[in-house]
Amino acid sequence: MNRQVSATLSGQLRLQLKGITKQYPGCLANDKVDLEIGAGEIHALLGENGAGKSTLMKMIYGVTKPDAGEILWQGSVVEIKDPSMARKMGIGMVFQHFSLFETLTVTENIALALGDDAGDLQQLGRKISTVSKQYGMELNPDRHIHSLSVGERQRVEIVRCLVQDIKLLILDEPTSVLTPQEVETLFVTLRQLSADGCSILFISHKLKEVQALCHNATILRGGKVTGDCVPAEAGATKMAQLMVGSDTPISSNYPKATGTEVFLAVENLTNSSEDPFGTSLKKVNFSVRRGEILGIAGVAGNGQEELLAALSGEHLLDSSDPVKFSGRGVGLLDPRQRRELGLAFVPEERLGRGAVPEMSLVDNTLLTGFLQGLVNFGFINQGKTEQFSQKIIDDYKVKTPNNRTAAQSLSGGNLQKFIIGREILQNPQLLVAAHPTWGVDIGAATAIHKALIELRDKGAAILVVSEDIDELFLISDRLCAICDGEISPAKATLDTSIEEVGRWMTGVFEQIEPTAAQHVDEMLNTSSIN
Amino acid sequence: MFIKLEPRGEASRSMSYLSPLLAGLLTLVSGGIFFAFLGHDPIEALRIFLIAPVEDLYGFGELCVKAAPIMLCAIGLAVAFKAQVWNIGAEGQLLMGGLLASAVALQLMDVESFWALPLVLLSGMLGGGLWGLLAAWLRTRFNANEILTTIMFNYIALYLLLYFVHGSFKDPDGYGFPASAMFGDSSLLPILLEDTRMHIGILFALLAVVVIWVMLSRSFIGFQIKVLGLDSNAAKLAGFKHKRLVAVVMIISGALAGLAGAGEVAGPIGQLIPSISPGYGYAAIIVAFLGRLHPVGIFFASMLMALIYLGGELAQIELNLPLAVTSLFQGMLLFYLLACDVFINFKIKFNRPQISATLENS
């Protein structure tokens, strides 16, 4: 890697930012930021949510304009007027929140982004297939976006940039939805791009990845550059401290627990997906005990959404038995009835499912908290609802001007802390969390992990479905993986390895028979199953 | 493409409230120009159109007579629109309300009971509510688009009404005219102000505005309706029952439109005739949006719309203009409102070809 650095640094600078300053009302988002990226360099931009990374990227991509400072593109000063100009210059960007039209196909979406350069759709479709295969991110160009998982949608966004003639690729938290194997493939892709002379601006909170991939790093905190370093040489701790300041705890090891009696039992759950492109669940068996966290690993689109919908009650089953809460079949109960039995749920989409974007935090508290005595005789108890929302904000350190702020104006990490807090403060018996820390900064992720562990220690059963395998190893007590609608047997986290879980994720495991599953549960359990 | 609309990102909140006022102002200016082209003094014509109708107490009474059905329909529509249920069928629901109310009133011709009027009004609400529920059921059961079904139901309702008014409801002593007998006194809405036609229907309308306001801002069902409209996935995850909510909003908006219809036949008309509404149900759609789906806004927008109806009638008498001038003003108002909204939410961009030219040089 260092070989490449020296090769590129001797070359021409692709992008240079000089003293970029951006003032928003009440917030100095960027304060005299300097940044240099050479041709073919992979440059990391590190920082917490709210550090000003997004603002900086938006200015490079022409979404907003700096108040002061200069942007130099290949040595000459430019004013990037809008994203289409940025694209024409050869700058591609993959946002953390995807901008895709759900009802259109992959090809149509990419054609829209390319505008007049798209040309013939069939030809473009073939190009998409070729490019995606070439970079190991296989995509069917004719699929509709609404039928794709988050991971697959990201591939569309990356491929959208790659089908153009690209000189600088900006990636905002790209690895958060990928499996370890996929991350490796992505890195191969990115190194290949870099070797071809394309510069890459890589935004991530995962220091390990930055160390593995990036030649240089610029670290932002509170809108200011706090340091530049070569990640491979600088220690992770040093980089983390530059990011979050010295007073924030960054990493922890959590003691593992074994749990008590089974709360959630999924037995022989077979469910054909309503979505023609979805994944049907095939004889899924697992259980989660009170006082333990079960992690389900897996690549996006392998049946997680279907499983989660069957657990939340969004998709009702044909019979009540396949999903049981504390021995009681709940397959025919709707989400509200399941909540009454102690379910809390953190969905994959924060905005648009977990929270209503346009509504205030108070209203979003009511969204799932209505069973907590916030409604009297059909009328909303405004005072109590506000108190509850304030308690969530205080207890979970949600950074927001006040509880009247709309959910959509919170950063991803803060909104996730709010949603997790809202669910946990309802004292659930079972918490199902999908991708709880996707795209969330280290500080918020640590807070969320701590909250989950605390809830576990209070005796709740917790199911975490995540594509972040490091996270699952960090917080889960037992682990299993989902692949093509089938679930691997669960193993205690301490008795397994990333390699083994990685194999499960590709479908290499013995499908357990239901009787065997119950047998395993009985063996693991001293107390009886109700 | 040479002209592009680009989203402005965050739309200004104050502008979104100003937009109806701006639309009203532009309508006035255009109306003035329109009158001038027809050879009238624009100021005088606008005075006749907008001020003369309400210069006396009788005129004010007429304003309330017209505003009541519009307000009832519009506040009901606002509930449905909040849930993103696009009920375009207030007109048909109003007609069905009028029809069922008439059916009951004709049975109570000689009854001298206090309960006659409530019964008539409730049947009106029932007629409109069921007519709305039918569209809700088609949507939730068969996924039939409610915009299309409610529009079609408007015509079905109209022809049902015509069938009865030409058939079994026709007054046997009415010399063959297509109209029912005049209703009995106990079935008629009492007059509020002497020497005007202003009846208690306006009080029902104001009550409906207040009740819906409370419902939308304070009740849990109102909250569920808003969540359903803003984010149906969140509503589903929270366990709000989609089908039930669609049915509820369609019943509410249908019942209020039905009440408006009952108020017409049991109010200023006093019998069932072929044309009980000059398009109140359609005007209410404009009113609901002009009022920004907010009860207070709908109150003022209803008054304005009623004034346009009155002004159209007066312009017909004093300026010899066709009654179509009413529709013209309604149309302009909606057009300008939508146009203003577009400019609030989007900015116009003209494609400048020189950008790509400079890039190729760099």
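**Exercise 1.** In this predicted model, determine how many residues of strand β3 (residues 42-46) of chain A are buried.

*Solution.*
Step 1. Apply the cut-off: a residue is buried if 20 or more other C-beta atoms lie within 10 Å of its own.
Step 2. Five of the five residues of β3(A) are buried, and the strand is mostly covered.
Step 3. Sort them by face. In a regular strand, side chains alternate between the two faces of the sheet. On one side lie I42(A), A44(A) and L46(A), on the other H43(A) and L45(A). Both faces are covered.

**Exercise 2.** Find the sense in which β3(A) pairs with strand β8 (residues 199-203) of chain A and with strand β9 (residues 216-221) of chain A.

*Solution.*
Step 1. With β8(A), the pairing is parallel, over four bridges; I42(A) has I200(A) as its bridge partner there.
Step 2. With β9(A), the pairing is parallel, over four bridges; in that strand T218(A) stands opposite L45(A).

**Exercise 3.** Identify the residues with the most contacts inside the largest nonpolar core, and list what C73(B) touches.

*Solution.*
Step 1. The core has 264 residues, and L72(B), C73(B) and A74(B) have the most contacts inside it.
Step 2. Helix α10 (residues 242-269) of chain B gives the most to this core, 17 residues.
Step 3. Leaving out residues up to four places away in sequence, C73(B) touches A90(B), L94(B), L256(B), A257(B), A260(B), Y280(B), G281(B) and A284(B).

**Exercise 4.** Describe the side of chain B that touches chain A.

*Solution.*
Step 1. Count: 18 residues of chain B are in contact with 29 residues of chain A.
Step 2. Elements of chain B giving two or more residues to this side are α8 (220-230), α9 (232-238) and α14 (354-361).
Step 3. By class, the side has 10 nonpolar, five polar and three charged residues.

Key. Residues numbered from 1 in each chain as written. Chains lettered and ligands numbered in written order. Predicted model: local features only at pLDDT ≥ 70, side-chain atom pairs only at ≥ 80, totals over all residues. Core = buried A, V, L, I, M, F, W, Y, C linked by C-beta atoms within 7 Å. Buried ≥ 20, exposed ≤ 12 C-beta atoms within 10 Å, placed from the backbone. Contact = placed C-beta atoms within 7 Å. Nonpolar A, V, L, I, M, F, W, Y, C, P; charged D, E, K, R; others polar. Pairing = 2+ DSSP bridges.
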